[in-house]
Structures are given as structure tokens and as C-alpha cells.
Amino acid sequence: MAAEGWIWRWGWGRRCPGRPGLPGPGPGPTAPLLLLLLLGPVVADITDGNSEHLKREHSLIKPYQGVGSSSMPLWDFQGSTILTSQYVRLTPDERSKEGSIWNHQPCFLKDWEMHVHFKVHGAGKKNLHGDGIALWYTRDRLVPGPVFGSKDNFHGLAIFLDTYPNDETTERVFPYISVMVNNGSLSYDHSKDGRWTELAGCTADFRNRDHDTFLAVRYSRGRLTVMTDLEDKNEWKNCIDITGVRLPTGYYFGASAGTGDLSDNHDIISMKLFQLMVEHTPEEENIDWTKIEPSVNFLKSPKGTCLSGPLTGWRVFLLLLCALLGIIVCAVVGAVVFQKRQERNKRFY
């Protein structure tokens, strides 16, 4: 979808300069009424970003509480993570460090939007820095591991902000943002930069910027969208937009980072979660969303473990296309065979 479409359809557009991550001032006072009359129910899908939608129990906002201590209200941190008055530093610019920060409270919202103000910076020159940040919405929290400082074979959603290309044959341009959904059956392959389990991704030049950098993640009715604001223009830029994603409720938000032989400072300045006011069908309301498995339509693991089974959408289209092509081939072959038999029969008369 074109970037312009997001401004009116989904509420993505200019951010308010005084309130990072939120949509900026709109048209004049008569315009909302005209939009309401013209667009009807579409307007209900727009996230206005007002404070009543902000879920403080799932948000990390300055001024931080607990500066100078080893804990803070609503959030736990571990490893190399340190809390200052200006940022939460997951790792310093030192080798072999891992750190993370995790929300205390499980999130039971079916539709949400997370705005992250972050900064990745360090002394390393091009391709001499690493490894990056991971943003999480997962069943388990505070479990260290090899995936940007957190556990592998996780259950839930991960957004990777990767700064170093481990795969020398890759065609990707780094830094690179990618998305992965896992039901515990998939392993993130660092040597291939997660290429085989990536749902979608985009190049994003967020390292060593001299201005603020932001990322937004929206999940609503099976649609997962990632947007960035990295150019200091107070505008969101489309990065990832995929459908068919099913995420349970009751999981935890977190962020982690790791360094190896190469390093960087990985800082989180804020994480703001907004509730999206979205109407669901009666069937959707009756689902126990705490019991479903994380899945994406048609995604399979390298071992053939199916993350989803519905025979809909593109899979049906491809099957119908293959069947149609098969019918056409059979018809052509049959016509050729019939024509040759006719010619052979004529020779006997």
C-alpha cells in the first residue's frame, strides 16, 4: 500500500513534534466531520494516539522510576542493562554483553500499537559494529539466550533491528529490520541473519544518527505493520505490512540486545503501548485468545513444521492456478493426439 494511504486509512502520518510516535495535527475543525461523513466506519480504525489509549502499565516513559537501583516499577531488567535518567542502556559499547528489559504485566489487548524511541550508536566504523536490538511480544520473559540477548525457540513475535551482516553472501543492505513469528518450533539462524524464518523486512539506516529514531509496531485483526521514522521528518515510513498473523493475548513485551566480537551502545528511550479501538465479529469475541498458538498463514519451518494450516488465500489461488494449468496442458496434449489420429485415419481412405 502506498505511504499516502496510511495517513487517512490507518492513522499513520506525521508525528506530533512534541509527542514522539503520535500522529500530528490534522486538518481544521470542520474536516473531521467531513471525513466522518465521507469515510463512515473507516474513521473508527484511525488511532488518534490520545492519552486515553495509552496503556501506562505496559509503557516505559521518562522520567523513569528507580534510577540508580536494580529494579523499577512495572519493568524488570537483567544482564548488562543499566537505567539512567535519560535512557535504558541494554548493552554498552563493549564486547560480549547481553541485556534486556521486560514488562511485568502480561498484555491482554487483542489490538495494539507500540511506539519505540531507540538509539543504536558506537565507535565502530562500517561493518565493525553489532549486533542489534530485538523487540519482543512473547510467552516467556527474562530468559537470556543467543538471539540478541534472549532465548531461541520462543513463542510469540520478534522484531529484529540487525546491524551486522553475518552472512557474507547476503544481498541485504544493513542495518536491516525483520519480523519473525514462532510457536517454539523454529530456531533463529544467526549465521544467515534469520533469513529462513523471516516473514518480511526492510533496510533501515538507524545507526549513529544525530537525531531521534523511532519505530512503530501495529497489530490489529491479523495485520502486522512496522513503520519507521529515521530521517527526522516527523513522518512514518512503511517497512513491513503482512496479514494472516495470529498472536495470543497474555504475552509480555520486552526488548533485548547483544554484542559479540563487535559492539555498540543499544539504548531504549521509551516504549509506549496504545490500545486500538477495533470492533470484532461475535465469532472473534468468543475465541479464547490466551489459548491460541502464534501462527502465520502458510509459514513453514525448514523442518516442515507447519505454523498454520488454513487452506485459504494464496494457497487456494496457487492450487487453483496449478489445476487450471494442468487442465490446459491435458487439453493441448489431447487435441494433438486427436489430430494425429484423424490424420492417420485419413491415410486409410
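Guide: A nonpolar core is a set of buried Ala, Val, Leu, Ile, Met, Phe, Trp, Tyr and Cys residues joined through side-chain atoms within 4.5 Å. Keep in mind that this is a predicted model.

Visitor: How many residues are in the largest nonpolar core, and which have the most contacts inside it?

Guide: The general idea comes first. In soluble globular proteins, nonpolar side chains tend to be buried together. Here the largest core has 49 residues. Trp112, Phe118 and Ile177 have the most contacts inside it. Strand 7, residues 112–121, gives the most to this core, with five residues.

Visitor: Which residues does the second core include?

Guide: Phe148, Leu186, Tyr188 and Tyr252 are among them. This second core is separate and holds twelve residues.

Visitor: Over how many bridges do strand 6 and strand 16 pair?

Guide: Five. Strand 6 covers residues 98–103 and strand 16 covers residues 252–258, paired in the antiparallel sense. To find your place along strand 16, look for Ser256, which stands opposite Ser100.

Visitor: Next, charges. How many salt bridges does the count come to?

Guide: Side chains of opposite charge can pair when their charged atoms come close. The count here comes to 15 salt bridges. Take Lys151 and Asp140 as one of the cases: their closest N and O atoms are 3.4 Å apart. Lys151 and Asp140 both lie in the loop between strand 8 (132–138) and strand 9 (155–162), eleven residues apart. Asp140 counts as partly exposed, at 26% relative accessibility.

Visitor: Which parts does the pair of Asp167 and Lys192 tie together?

Guide: Asp167 lies in the loop between strand 9 and strand 10 (176–183). Lys192 lies in the loop between strand 10 and strand 11, so the pair ties together parts that are 25 residues apart in sequence. The closest N and O atoms of this salt bridge are 3.9 Å apart.

Visitor: Is Asp167 buried or exposed?

Guide: Buried means under 20% relative accessible area. Asp167 has 7% relative accessibility, so Asp167 counts as buried.

Visitor: Where do Arg221 and Glu284 lie?

Guide: Arg221 is in the loop between strand 12 (213–220) and strand 13 (223–229), while Glu284 is in helix 3, residues 282–285. The pair therefore ties together parts that are 63 residues apart in sequence. The closest N and O atoms of the Arg221 and Glu284 salt bridge are 3.1 Å apart. Arg221 is partly exposed, with a relative accessible area of 45%.

Visitor: Which residues do salt bridges that share partners join into one network?

Guide: Arg139, Asp140 and Lys151.

Visitor: One last residue. Where is Arg56 found, and what does Arg56 touch?

Guide: Look in the loop between helix 2 (31–39) and strand 3. Leaving aside residues up to four places away in sequence, Arg56 touches Ile61 and Leu74. Exposed means over 50% relative accessible area. Arg56 is at 54%, so Arg56 counts as exposed. Its C-alpha atom is separated by 7.4 Å from that of Leu273, 217 residues apart along the chain.

Technical notes. Residues numbered from 1 in each chain as written. Predicted model: local features only at pLDDT ≥ 70, side-chain atom pairs only at ≥ 80, totals over all residues. Heavy atoms only, no water. Pairing = 2+ DSSP bridges. Helix = DSSP H or I, 4+ residues; strand = E, 2+ residues; numbered from the N terminus. Buried < 20%, exposed > 50% of the residue type's maximum accessible area, 1.4 Å probe, protein only. Contact = heavy atoms within 4.5 Å. Salt bridge = Lys/Arg side-chain N within 4 Å of Asp/Glu carboxyl O.
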